[in-house]
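Please open the model in a viewer and keep the selection tool at hand.

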2 protein chains.
Amino acid sequence: QPVLSAGSFSMGGASHVVPMRLHQANRARLVNALKATLRKPVEENPSAASDASGVVLLQGGSEVPHYDADTSYQFVQESNFMWLFGCAKEDCFGAVDIKSGKSVLFVPRLPEDYATWMGKIFSPAELQAHYAVDEVRFVDELECVLRSFSQTLYVIHGLNTDSKNYAQPATFRGIENFTVDKTLLYPIVCELRVFKTEDELAVLRYVIAVSSRAHVQVMKSVRPGMYEYQAEAEFLHHSYAEGGCRFTGYQCICCTGHSGASLHYNTNQMPLKDGDMCLFDMGAQYHGYVADITCSFPANGVFTADQRAIYEAVLAANRAVLAAMRPGVLWTDMHVLSARVLCEHLVRIGILQGDVDELMRAEIIYMLYPHGLGHLLGLNVHDVGGYPLGVARPTGLGISKLRTARALEAGMVITVEPGLYFIDHYLDAALGDPAKARFFNAAVLARFRGFGGVRIEDDVLVTEGGVELLSILPRTVEEIEAVMAASK
Amino acid sequence: QPVLSAGSFSMGGASHVVPMRLHQANRARLVNALKATLRKPVEENPSAASDASGVVLLQGGSEVPHYDADTSYQFVQESNFMWLFGCAKEDCFGAVDIKSGKSVLFVPRLPEDYATWMGKIFSPAELQAHYAVDEVRFVDELECVLRSFSQTLYVIHGLNTDSKNYAQPATFRGIENFTVDKTLLYPIVCELRVFKTEDELAVLRYVIAVSSRAHVQVMKSVRPGMYEYQAEAEFLHHSYAEGGCRFTGYQCICCTGHSGASLHYNTNQMPLKDGDMCLFDMGAQYHGYVADITCSFPANGVFTADQRAIYEAVLAANRAVLAAMRPGVLWTDMHVLSARVLCEHLVRIGILQGDVDELMRAEIIYMLYPHGLGHLLGLNVHDVGGYPLGVARPTGLGISKLRTARALEAGMVITVEPGLYFIDHYLDAALGDPAKARFFNAAVLARFRGFGGVRIEDDVLVTEGGVELLSILPRTVEEIEAVMAASK
Ligand SMILES: [Mn+2]
Ligand SMILES: [Mn+2]
């Protein structure tokens, strides 16, 4: 009979053991933050009750069927629910009573025949021990249990600044009998999710290590003539079979050659041609937490002079940012730093010409670097909390794409992913505009048409003293060539 | 630059080339069937216009976001749309004018910056050549183009008899200006989908061959101590890397030991124990068409006497059905045949006792075989058309689970998947009921508690002369032991 381990999740073998105290701690952090907010004077916080009571109620996700068919997408849990309860099962709710801190996980009441089809039905006691919540009840008991805590429910509702979608509030039959606050909870949860606890960092370190090894595996397997999707298959296999990661944090981006200029290309159907660059952006997911890593390297294992020049420009930008990152530094400044380093290198290569300050003022680099430097990382690949109240989205061609404009603080995990891309319609537009064309050496640029792109993406923890690099990969030209040569 | 091959789909290399004439043929079959129906006298078919005009309009699927995050489930196309247009992209529509047979694929009008993010935007001309439709237009032109054909739209709407969900009708802004018929189309499409053309069979043969080889690969890789999900990872990797199959037709079921008694168990998190049986039900998907194959074998590669006895009972049932299948035979009769063979074997093993006729009348076998013999297979793993108008769902403990009660006809593809499972709550109930308990030898049965289950699932084409077995696998005890020994 399958068993549920008490107080932890693991995929067995050498895979990471996630203690459920991780989520207990998140619940405690949330309760403290809510109490602090609710005790503020009413004029500061109009949605607050004065006595710091009420219940946090989150609704987990449901399976999504394939249209009318009786198959479904493989279930992925909603990330706020995952953060607070660590439960990756469908059709659950979770509640935390603010006054007592008591947590209740609500699970669907399954018919006996569920066991015939899907496997053992775990008892509330087994689930309570596994998830380390105070109590497990059935979803059909929601109204009655919640009422025993409070008349006031705090539910998630708010704008996700990356997707522009709204997080949807919990709902159930009987909710009309409660006072429901939809404004207080979401920004507080987002803000807490920005700062990773030690237990969360352990999961992130693990999934990033698994993903790093899987990328190396891919690098070793790459040969001209194989297909992009075979690289994806290699990554997926290593992540799942060796790391117990059933899901990825996002759809695998495996582009080679010209497609490398399409930032999120993920059809992955083309063959790898001798002389092409590969740009592979893939990250595994474990217990909800995701990695986000990009490696760029030549399909045949040896950089040409042009490939080396572009690659080293991007690596220099990446390394310059890593060296400059520390608490207090503005992410917008890091973005500009990466852009300037790229600019300097492109002038040296001869693609751009003129004074670097002037190039930067004219925002020329963003024709070749049309995305932000990086983003917060956690349970979402583009994690929440990038633009809390009071942090405005910067304006400007390149910098407006940034998914956060915050100052760095210890405990943030963020990606550093500068890139250079030769995107035909951007370059055509630039060359067609005299104000921009004068910064380009058209003859040199012509050599790079069809080159695709290079992105070097690392996952980084901000520490008190600077950063900890979580993604460990062969990064220099020499390291990459050595890894790829060894597998030939 | 990525290219779209004219008139075909393929994942390259040795993977199958699907000619888009497959879908042209489906459109022609549909137009013919609709014309035949529409020309029937009005009293036979009240929803018909008399002049066989109108437009078939299908809406493809859309990406499903992960809640408010900016990631999504990897898009899977709606199967009726896939059948008629062979287009696996999101947010499309397709129309077929009944009178002229002219087909139009409607694609979203993508902003230029789509190319920056997702890759080359193919022109309508490139898409028209690739999908072999008569015309490609933009979705925002739907109303105008449809109006040029007819005032009457035929859209899909109806009950899926496997999921009990309803197929949803196409809808767009402006549809209120048309006469929309929701009743005629769906049963006609379902009925056509039951019978596979030669081009469809070629795809099915391919995806079933890939899946068969992947199962053999898994069989060779299995060792006590590994985890169920590592077998799944092996299957996925082989299907994708070697066969170009990015998706499976359904969530992989990898159960071992006791979990083998849970028919659709798919958490796949347990370790394989020495002495356990494995029951692995997995099928790849290619261009929408899916395989559905189950292999059962001992984790350590050598059957015990009890494992051999149960396995050979199931294999005998599978082989008896294959030998008896031919056009005209009722699937319900095949189901009963499989149940009887299982019964006979269980009596011989000593688990059941008494007269086989009496056992069959008492429906005892369905305590150990609680599912139908098999189901139609195609673009859905449980394919449509199992219960057309006039074919009633049979009653009775086991047989009511059948997903079709039709008579076999040439061109049908159907699974043959008898099984035996030792399901605690069924056995407890049987032993607790004197009317049932007398058929069991409780002492012998006790030996099989925790055994799990055995299912042997093949994919079969009904031919004029009998059947063609599409899934080719090591099936006898000797074949399986030889394959597994060779990899040790
Ligand atoms: Mn990223
Ligand atoms: Mn099946």
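The phi of B:E363 is near 55 degrees, a positive value in a residue other than glycine. Most residues other than glycine have a negative phi.

Before moving on, note the conventions: this is a predicted model, in which local features need pLDDT of at least 70 and side-chain atom pairs count only at pLDDT 80 or more, while totals for chains, interfaces and linings use all residues. Residues are numbered from 1 along each chain as its sequence is written, chains are lettered from A and ligands numbered from 1 in the order in which they are written, and side-chain values use heavy atoms, with hydrogens and water left out.

**Second stop: a counterpart in chain A**

Select A:H287 next, in the loop between β14 (284-286) and β15 (289-290) of chain A. Its phi is near 50 degrees, again a positive value in a residue other than glycine. A:H287 is buried, with a relative accessible area of 7%.

Which residues coordinate the manganese ion (ligand 2)? Select B:D292 (OD), B:H375 (NE2), B:E417 (OE) and B:E457 (OE), which coordinate this ion at 2.0 to 2.3 Å. Donors are N, O and S atoms within 2.8 Å of the metal (3.2 Å for Na, K and Ca); water is not among the atoms, so sites may look incomplete. In sequence, the donor residues of ligand 2 are spaced D-x82-H-x41-E-x39-E. B:H375 lies in the loop between α11 (356-361) and β17 (413-416) of chain B, and B:E417 in the loop between β17 and β18 (419-421) of chain B, so this pair ties together parts that are 42 residues apart in sequence. Both B:H375 and B:E417 are buried.

A:D292 lies in the loop between β15 and β16 (293-298) of chain A and A:E417 in the loop between β17 (413-416) and β18 (419-421) of chain A, so the pair ties together parts that are 125 residues apart in sequence. A:D292 is buried at a relative accessible area of 3%, and A:E417 counts as buried at 9%.

Over all chains, the count comes to 27 aromatic pairs. Rings of Phe, Tyr and Trp (its six-membered ring) pair if their centres lie within 6.5 Å; planes under 30 degrees apart count as stacked, over 60 as edge-to-face and the rest as tilted. Select B:F9 and B:Y286, a tilted pair with 5.6 Å centre to centre and 55 degrees between the planes. B:F9 lies in strand β1 (residues 8-9) of chain B and B:Y286 in strand β14 (residues 284-286) of chain B, so the pair ties together parts that are 277 residues apart in sequence. B:F9 is buried, with a relative accessible area of 16%, and B:Y286 counts as buried at 1%.

In chain A, select A:F9, A:Y206 and A:Y286, which ring pairs link into a cluster. Then select B:R147, whose charged end sits over the ring of B:F178, 5.4 Å from its centre; the rule requires NZ of Lys or CZ of Arg within 6 Å of the ring centre and within 35 degrees of the ring normal.

**Last stop: where the chains meet**

Display both chains together: the contact (heavy atoms within 4.5 Å) takes 79 residues from chain B and 79 residues from chain A. The area buried between them is about 6300 Å², of which carbon and sulfur atoms give 54%; buried area is the accessible area (1.4 Å probe) that two parts lose on being put together, summed over both. Select B:Y67, B:D68 and B:W117, which supply 12% of the area that chain B buries against chain A, more than any other three residues. The count between the chains is 4 salt bridges, each a side-chain nitrogen of Lys or Arg within 4 Å of a carboxyl oxygen of Asp or Glu. Finish at A:E232 and B:R246, whose side chains meet in a salt bridge (3.1 Å, N to O).

Note on methods
Helix = DSSP H or I, 4+ residues; strand = E, 2+ residues; numbered from the N terminus. Buried < 20%, exposed > 50% of the residue type's maximum accessible area, 1.4 Å probe, protein only.
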